[in-house]
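Welcome! Please take a moment to look over the sequence and the model before reading on. The report below starts with the whole chain and then visits a few places in turn.

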Amino acid sequence: MYFDNSLLEFNKVKTMVSNYAQTSLGKFLVDEISPSNNVLEINRKLSEAAHALKIIDLYKEPPFGGIRDLSETLKRAQIYSVLKPFEFLDIIGLIEATNNMLRFYKQVKENEIEDIALDIYFENIESVPKLKMEIQYIITDNAEVSDSASPTLRKIRNSIRSKQTKITEKLNLILNRDNSKLAESLVTIRNNRFVVPIKLSEKNNFKGAIIDYSSSGETVYMEPTSVNTINNEISLLKLDEQKEVERLLRELTIKVAEYYYPLTNNLKLLSELDAIFATAKFALIYECSAPAITDSEINLIKSRHPLIKQEEVIANTITFNSDEKIIIITGPNTGGKTVALKTMGLLSIMVQSGLLIPVDKGSKTIIFENIFADIGDEQSIEQSLSTFSSHMTRIIRIIDNLTVGSLILLDELGSGTDPKEGASLAISILDYIRIRGVHVIATTHYPELKAYAYNKNEIVNASVEFDVNTLSPTYRLLLGTPGKSNALLISERLGLNESIINSAKENVLTSQTEITDLINKLEKRGNTLEQKIREYENQIKDNNELVNRNEILRKELIEEKRGLKRKVAVEESQIIKDTKEEALNLIKEIELLKKQDLIKDHEIAEIKYKVKSLSTSKAESKTAEKHDFLVGDIVNILKFNRAGELLKKQKKNQWLVKMGALTSLFPEDQLEFISHAKKSNNRVNKIKSNIKKTVKSELDLRGMRYEEAKIALDKYIDDCLISNMPFATIIHGYGTLTLRKLVKTYLDKNSSVSNHRDGEGGEGGTGATVVYFK
């Protein structure tokens, strides 16, 4: 497998695509893109790029901010090499980027963009919110270890600050007392010790130890004897602080190592998506599309060379029918022959690299085993001049290595030598390679090759158009029409003496005149066909514009629909909010009645459920889909959003449902099917083991660490909601107030909590919190 990337300038295209990638890993993956001849792989990549293009065109670009190359960081974490604080912040950046991408994918699906090629990437991205919380608990936004990371660290740092305050106070007294001995009236730090600047001449008159000298040597930084002991204590505390920080970072590194595989996989998937969307952005700007891959047909409709400015490039259709293998292009220099040659080669490499190409929809192409090129033209971007020997050297290499299914591009075949010998050699080369199952595009000036093409069914004559009125090329490729010499006509138009022109015409050989007459007839017929093709293309353009207008209208209607939904949701939300507020006030009154034993607990629970059912959330107003339930089925009870097992069907379409330790009746429209019964239902067993038979009215968090307390609190609130408890007491104690803050923050964010307050005199005071449920 060989592809002539350098002559066809594929690397320049990759550089252009790479500029649209947003991450370093994405740019690296674009640089690694290379052509293949695996049809399945090529079709997969084209489908992915087309899906990405559709998302960008119909919705917006995905977010790739915050993603760094964490490959080495994660490898070090995997072997428990302690990470630095800023590296943990980089990991948070990856986690947040992951979450942003998952939200973006959800929005794409909500926008009804129909395609599935990229679903496998998004669906394999795994969210790791717990790790983010654990990092944020230890590391601050400034990449420092937080005081609250552990009680020990907080205690050490408080001690350091206390002793530093004492030292500052003592040193300020010294500044006032020994002002005449000071070089400056300030307290500073040298070699991690508090010192004062003393004049060099006064160093023997000041009680203390020399710690450092100024750069001029005129000032001595001395530690007063009175603060020596405290400075030593601070130094020891600093060592303890360093050890504690090291311990915390090591523990956090171990936690990162536990998530090595999901983090590494997320990084890989996000980088691959960045590279894919980079190709899509390139495709959007250069109006690219995915050609259909066929076995034998090539039809690149309005193909354009991507390295030529869009406002200047001329679109040409390049076609090989199933029985055609060679196209011979003739025409004047700088007329566009070589551009057509390069366009075919470069677009073929792009397709086989999985890139969308600048052609119109409906284009087709085949997969080549090799792509060889002999191009050395004066108009090339590289400005390289070719000689006959260099041409022959490349052609010999091509002939020695060609295989069935190759594409061969030959520029100015046979040039650089005697015209008759060159033409004869060109015909022999084409004769040799045309029977070997390859596709060829060759450019030439030799008229003998035009006649040669007419005798072979698999060879197509083509030319680049020349406007005789303006005496300039149009750069349009005319398939089926060979080029003709316009030298006499151009010379006549430019004003060359008429007798010279007539003499030149008489000198033209008869055989050449006959060929020219044939070419003129063919060109006339070709121009008629070209005119019809242009009319057809204009009709297609008008139809496409109509389709685009319809698409814009569809987007506007979808946006209008969303706006109406948002407006209705806001209005519903206000109504429900007012209703809930009224209902909650009613509940408070009922609870007062309960204290007076005028109403029962189960009646309160029923009223609370009705209030809870009033929700602005679409998910909470969810109704179950119709399903034929069977005894033993596992269902979701929408009322509690909890799983349960169907025990027995009752009258009026009600079921007796076992939900953990609870058993109750529920109507079918409040049940959502999960799975059929199994002999050993681990899911139900798990539910049984996780739900207690009775829930205590209070939870004691004292003595627990932060994470333990958070898990216990979350589970307890769940149990309270399942048991329809109206209120509960959470004991967190006083201490450092960390647990109290955890409880208050958690309850503020929990949508099932109506309100909460500090305990009263007989309830534990500010060491306890009483929570009321909706």
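The protein chain has an accessible surface of about 42,400 Å², and 51% of that surface belongs to carbon and sulfur atoms. Please keep in mind that this is a predicted model. Of the 774 residues in the protein chain, 41% count as buried. The chain has 22 helices and 23 strands. Among its contacts with a separation of 6 or more, 68% are between residues 24 or more positions apart.

**An open sheet and its helices**

Let us begin with a sheet. Here 4 strands form an open sheet in the order E1-E2-E4-E3, with antiparallel pairing. Strand E1 (188-190) and strand E3 (208-213) are at the edges and have a single partner strand each, so one side of each is left without a neighbour in the sheet. On average, neighbouring strands of this sheet are turned by 55° against each other, direction ignored.

Inside that order, strand E2 (residues 193-199) pairs with strand E4 (residues 219-224) in the antiparallel sense, over 4 bridges. Across this pairing, Ile198 stands opposite Val220 in E4.

Which helices lie across E2 and E4? One of them is helix H9 (residues 151-177), running at about 10° to E2. Helix H10 (residues 228-258) also lies across E2 and E4, and it runs at about 140° to E2.

Together with Leu200 and Ile210, Tyr213 makes a nonpolar surface patch of about 240 Å². Tyr213 counts as partly exposed because its relative accessibility is 39%, between the cut-offs of 20% and 50%.

**A parallel pair**

Elsewhere, strand E10 (residues 371-374) and strand E11 (residues 407-410) pair in the parallel sense over 4 bridges. Within this pair, Phe372 stands opposite Ile408 in E11. Which way do the residues of E10 point? Ile371 and Ala373 point one way from the strand, while Phe372 and Asp374 point the other way, and all are buried.

**Some single residues**

Glu87 lies in helix H6 (residues 85-110). Is Glu87 buried or exposed? Glu87 is buried, because its relative accessible area is 7% and buried means under 20%. Leaving aside neighbours within four places in sequence, Glu87 is in contact with Thr73 and Arg76.

Gly483 has its place in the loop between strand E14 (472-479) and helix H16 (487-493). Gly483 counts as buried, at 7% relative accessibility. The C-alpha atoms of Gly483 and Val464 are separated by 6.9 Å, and these two residues are 19 residues apart along the chain.

Two further loop residues are worth a visit. Ala143 is in the loop between helix H8 (129-138) and H9, and its phi is near 65°, a positive value in a residue other than glycine. Asn191 is in the loop between E1 and E2, where its phi is near 50°, again a positive value in a residue other than glycine.

| Residue | Relative accessible area | Class |
|---|---|---|
| Glu87 | 7% | buried |
| Ala143 | 24% | partly exposed |
| Asn191 | 55% | exposed |
| Tyr213 | 39% | partly exposed |
| Gly483 | 7% | buried |

Methods:
Residues numbered from 1 in each chain as written. Predicted model: local features only at pLDDT ≥ 70, side-chain atom pairs only at ≥ 80, totals over all residues. Heavy atoms only, no water. Buried < 20%, exposed > 50% of the residue type's maximum accessible area, 1.4 Å probe, protein only. Helix = DSSP H or I, 4+ residues; strand = E, 2+ residues; numbered from the N terminus. Pairing = 2+ DSSP bridges. Contact = heavy atoms within 4.5 Å. Axes fitted to C-alpha atoms, helices over the stretch in contact; angles between N-to-C directions. Areas by Shrake-Rupley, 256 points an atom, 1.4 Å probe, with all protein chains shown as cover. Patch = residues over 30% accessible without salt bridge, like charges linked within 9 Å, V, L, I, M, F, W, Y side chains within 5 Å. Salt bridge = Lys/Arg side-chain N within 4 Å of Asp/Glu carboxyl O.
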